[in-house]
Amino acid sequence: MKYLKLDSIDGAEQRSRELWEQKLGRPKLEEDETEFMYSFEVSESNEGGSYLLIDDDGMILSDEEKLALESEVLYQEWREQYQPEAVQMEREELESMG
Amino acid sequence: MIIRPSLSGSLEKSVPPPLDIDGMPSPRLAYSLRKLRSGYTGAALRVRRGSDNTEADVYFYNQKEVTLNSMTSSGDTLQVFIGGETAFVTKWYNQSAETTKPDAVQTTTGRQPELISSGTFNNGIKFVTTGGFSAYGDYFQVNSYRLPNTDDNHTLLWMGRIFAFSTGGGAVVGLITNLDNFNDGAEMIAGINGTATNGDFRLAVDSHDEDSSSHYPANKNTICIGSYDRTRSTAQGGDGTSQIVRVNGNQTTKNTNEDKHVGRTDRFRIGCRKISNNPLNGSCKEVMVWESFVSLALQEILEKNIAIYHNTDLTNDPTPFNK
């Protein structure tokens with residue numbers, strides 16, 4: 001898995017939708033459910049932007065985006081800073097089930 | 001109650017649709033690969049063909065179940081429509097008789113479960129994950145829905161298989177979950193206690209957890225029903241069995257008197273937990289959700305119906321395992 005950082009909160013959602021239409025080569029049909037190429041995560045606050053989660057080879061991304069892909073470590077650091085509530089609760093739940 | 005595979009095999013598919021059972025309350029959510037009530041006239045699910053991303057609705061073959069012979073809205077059978085490709089499920093239609101009956105959907109390509117994988121018809125809808133507590137996998141979400149708080153009672157039913165409890169040291173997979181946050185809401189999950197082949201099942205209501213009494217084997221058809229009737233708590237004058245977990249007919253209870261506290265309408269999930277974490281590594285054939293407590297007598301009848309239809313061995317409890 002690779003990760004692409006977007007500066008705005010809604011940037012990842014918007015880019016994911018664009019990439020899906022790019023993949024389709026046409027606008028999405030109204031009756032079709034599929035809307036996004038990749039899933040995404042957003043900051044719990046108004047800062048920190050959002051991330052696209054790239055679970056394939058990412059060949060559909062632009063060259064600039066490919067060069068900007070980040071590793072799991074950097075993504076998890078972002079989560080610690082911008083999704084602290086979710087990260088903490090995941091840890092607590094894991095401990096309760098261990 | 002004993003239903004052996006030989007018996008269930010001989011009677012397989014001869015049972016009535018479970019929601020036609022006399023006295024069965026109407027669920028809010030009702031998803032299945034078979035027809036859950038005879039009066040339902042819609043499609044079973046919608047799939048996306050992997051090769052060209054064309055989507056089509058899939059109908060019940062013989063008005064009974066989804067098979068490769070099922071017709072699709074493309075005009076071809078499912079087998080012809082998909083061929084050797086993969087059929088990703090984008091929508092699981094709600095068969096409920098209620099006026100408000102949200103479907104389960106997945107709008108992101110990489111999170112769509114598979115009905116057919118490279119031409120192979122799966123034993124249920126297959127949820128693919130790379131495994132692990134925080135890894136990402138397939139799941140559905142039920143948009144604009146939450147369990148109501150005006151009545152805390154509810155019943156969650158999940159039928160499927162967990163492929164492997166493969167993450168040592170403790171991990172959780174989401175089956176049916178409606179969480180605002182962890183310990184805020186209600187959910188049915190499966191947990192792993194350090195073994196790759198056995199797991200247990202949990203119904204959580206707010207911060208109160210009730211677990212199955214023993215571990216259950218991976219890769220076996222499993223019927224899990226979690227139900228909550230607050231009036232059965234001793235604080236409400238009941239007998240102290242308000243929170244109930246039944247796995248393949250084996251029941252455990254807990255004395256819980258608590259609100260669910262579900263506020264958000266964007267976090268009802270099938271196959272993962274709060275947002276997209278704790279993904280299910282397994283398959284699912286049926287999910288039903290009632291906004292009420294389904295009586296234990298009816299739960300038993302439901303279990304028999306599902307066990308016979310899906311060839312589930314209700315005797316496969318529980319190798320005793322050291323929890």
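The structure is a predicted model, in which local features need pLDDT of at least 70, side-chain atom pairs count only at pLDDT 80 or more, and totals for chains, interfaces and linings use all residues. Residues are numbered from 1 along each chain as its sequence is written, chains are lettered from A and ligands numbered from 1 in the order in which they are written, and side-chain values use heavy atoms, with hydrogens and water left out.

**View 1. Chain A.** Chain A contains four helices and three strands, these elements being DSSP runs numbered from the N terminus (helices H or I, at least four residues; strands E, at least two). Along the sequence they follow the pattern β-α-β-β-α-α-α. The C-alpha trace of chain A spans about 45 × 35 × 25 Å along its principal axes. Of its 98 residues, 42% count as buried (buried is under 20% relative accessible area, exposed over 50%, partly exposed in between; 1.4 Å probe, protein chains only).

**View 2. The interface of chain A and chain B.** On chain A, 27 residues are in contact with 32 residues of chain B, contact meaning heavy atoms within 4.5 Å. The size of an interface is often given as the accessible area lost when the parts come together. Here the two chains bury about 2400 Å² between them, 51% of it on carbon and sulfur atoms; this buried area is the accessible area (1.4 Å probe) that two parts lose on being put together, summed over both.

**View 3. Salt bridges between the chains.** Three salt bridges are counted between chain A and chain B, each being a side-chain nitrogen of Lys or Arg within 4 Å of a carboxyl oxygen of Asp or Glu. In one salt bridge, the side chains of Asp32(A) and Arg46(B) meet at 2.7 Å, N to O. Helix 1 (11-24), strand 2 (39-42) and helix 4 (84-97) of chain A each supply at least two residues of the side that touches chain B. Helix 4 gives the most to that side, with eight residues.

**View 4. Arg230(B) and Asp152(B).** The side chains of Arg230(B) and Asp152(B) meet in a salt bridge (2.9 Å, N to O). This pair links distant parts of the chain, 78 residues apart: Arg230(B) is in the loop between strand 15 (222-228) and strand 16 (243-247) of chain B, and Asp152(B) is in the loop between strand 8 (140-141) and strand 9 (154-162) of chain B. Asp152(B) is buried, with a relative accessible area of 10%.

**View 5. Glu187(B) and Arg273(B).** The closest N and O atoms of the salt bridge between Glu187(B) and Arg273(B) are 2.5 Å apart.
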